[in-house]
Amino acid sequence: MAPLSPHLPLALEALGSWATGKTHIVELTASEREAMARWRIETAFEDLSAPTVFQTLYREVFQRQKKAIEAVRDDLAYLDVASRYYKGAAVIQTVLKGEPFSVMRDIDILVPPERASLARALLLRHGFEQSDFDITSKNLRSTEPARIAAYESGSYELYAFSKIERFKAPPELVRCPDLWQRAPIWLDNDEVVLLITVDVHLRAANDIPVEPLWTGSPDRPFVDPSVEAWLLATRYYLDLVRQQPRPVLRDLFYLARLFPKADLSRCLDLATRYETLPALFYTYETLRQFGMPGAPMDERCLTLGDRRNDFGWQYGRLCGRLDGPPAFVA
């Protein structure tokens with residue numbers, strides 16, 4: 001593993017200040033932010049079984065999200081409508097055994113496009129609304145039907161469905177204001193305001209083919225881990241090319257846990273069939289750079305040849321977005 005940045009101690013001091021609820025904020029330089037991200041990735045592989053106040057909150061949030069959508073999925077199953085968890089919700093349940101490493105913004109499920117109207121009706125019946133969250137009032141506000149229709153026209157998903165739940169906040173975390181500044185949790189006095197959001201996908205995002213997500217037994221509740229690994233690696237690659245790194249940290253953590261569970265041959269077969277081999281290569285190289293355990297791509301990647309200049313190989317429309325290949329493969 002490459003040595004950690006020399007800025008790591010200051011990054012850890014900043015994290016400690018935040019976690020203990022102290023009011024002062026340490027401004028991090030770019031190098032220090034990189035060190036913080038590096039630390040978060042590497043410590044993400046620690047045993048999550050030891051209950052901490054943060055992990056207890058993450059688990060509480062996820063269980064409430066899961067319970068809310070399970071009632072809808074039960075009704076869909078009763079009406080013989082297939083649905084599958086995928087992305088983070090699938091990884092947390094199949095690989096992390098229900099132990100999220102942070103709060104998850106929403107739950108993604110996949111339904112057949114021809115069943116979209118039925119899925120919408122069931123979600124509304126279970127108290128969800130296609131509404132937006134107002135941070136000031138900490139309540140949902142109505143969204144114009146025309147805006148919903150415009151969003152869903154030709155989209156790969158329905159407009160998000162939301163509902164609000166409230167529960168007592170852990171006293172230790174009431175003193176951590178930075179924890180409550182983004183979805184899906186906000187603090188209202190001593191209560192947690194939880195925004196439960198469900199994204200109903202009809203197709204995969206980023207123009208990724210949806211057919212592999214439906215492979216396997218029709219009653220399977222999750223996308224297969226091998227398909228999920230291929231899917232997330234492809235999404236990571238697209239984010240890299242588009243220089244949109246915000247979701248990369250979470251995806252890398254999921255991928256590092258998925259790869260040991262995945263059938264590598266199947267991943268490579270999918271990547272070959274849909275011409276996304278660079279996605280697996282660059283994702284593996286990123287995992288290896290951060291010293292993540294369990295990435296099984298070493299020998300197989302050697303057979304892929306020199307991938308340093310192939311950003312335009314599959315995604316020609318994105319050519320020219322980067323000045324060159326990432327530094328770690330230059």
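Which residues in α3 meet which residues in α5? I started my notebook with that one.

**Ground rules.** I am working on a predicted model, where local features need pLDDT of at least 70, side-chain atom pairs count only at pLDDT 80 or more, and totals for chains, interfaces and linings use all residues. Residues are numbered from 1 along each chain as its sequence is written, and side-chain values use heavy atoms, with hydrogens and water left out.

**Entry 1: the helix pair.** I found I69, V72, D75 and L76 of α3 meeting A119, L122, L123 and R125 of α5; contact here means heavy atoms within 4.5 Å. By class, that contact has six nonpolar, no polar and two charged residues. For the classes, Ala, Val, Leu, Ile, Met, Phe, Trp, Tyr, Cys and Pro are nonpolar, Asp, Glu, Lys and Arg are charged, and the others, Gly among them, are polar.

Next I looked up the geometry. The axes of α3 (residues 53-78) and α5 (residues 116-125) come within 10 Å and cross at roughly 135 degrees. Axes are lines fitted to C-alpha atoms, for helices over the stretch in contact, with angles from 0 to 180 degrees between N-to-C directions. The two helices are therefore oblique to each other; angles under 35 degrees count as roughly parallel, over 145 as roughly antiparallel, 65 to 115 as roughly perpendicular and the rest as oblique. I also noted that the crossing of α3 and α5 is right-handed, meaning that the near helix is turned clockwise from the far one by less than a right angle.

**Entry 2: the whole protein.** I count 13 helices and seven strands, taken as DSSP runs (helices H or I, at least four residues; strands E, at least two) numbered from the N terminus. Of the 330 residues, 49% are buried; buried means under 20% relative accessible area, exposed over 50%, and partly exposed in between, with a 1.4 Å probe and protein chains only.

**Entry 3: R235.** Is R235 buried or exposed? At 15% relative accessibility, R235 counts as buried. R235 sits in helix α8 (residues 225-241) and touches K87, N206, I208 and D251, leaving aside residues up to four places away in sequence.

**Entry 4: two positive phi values.** Most residues other than glycine have a negative phi, so I checked the following two with interest. K138, not a glycine, has a positive phi of about 55 degrees; K138 lies in the loop between β3 (132-134) and β4 (139-141) and is buried at 17% relative accessible area. N189 has a positive phi near 60 degrees and lies in the loop between β6 (185-188) and β7 (191-201), but N189 is exposed at 67%.
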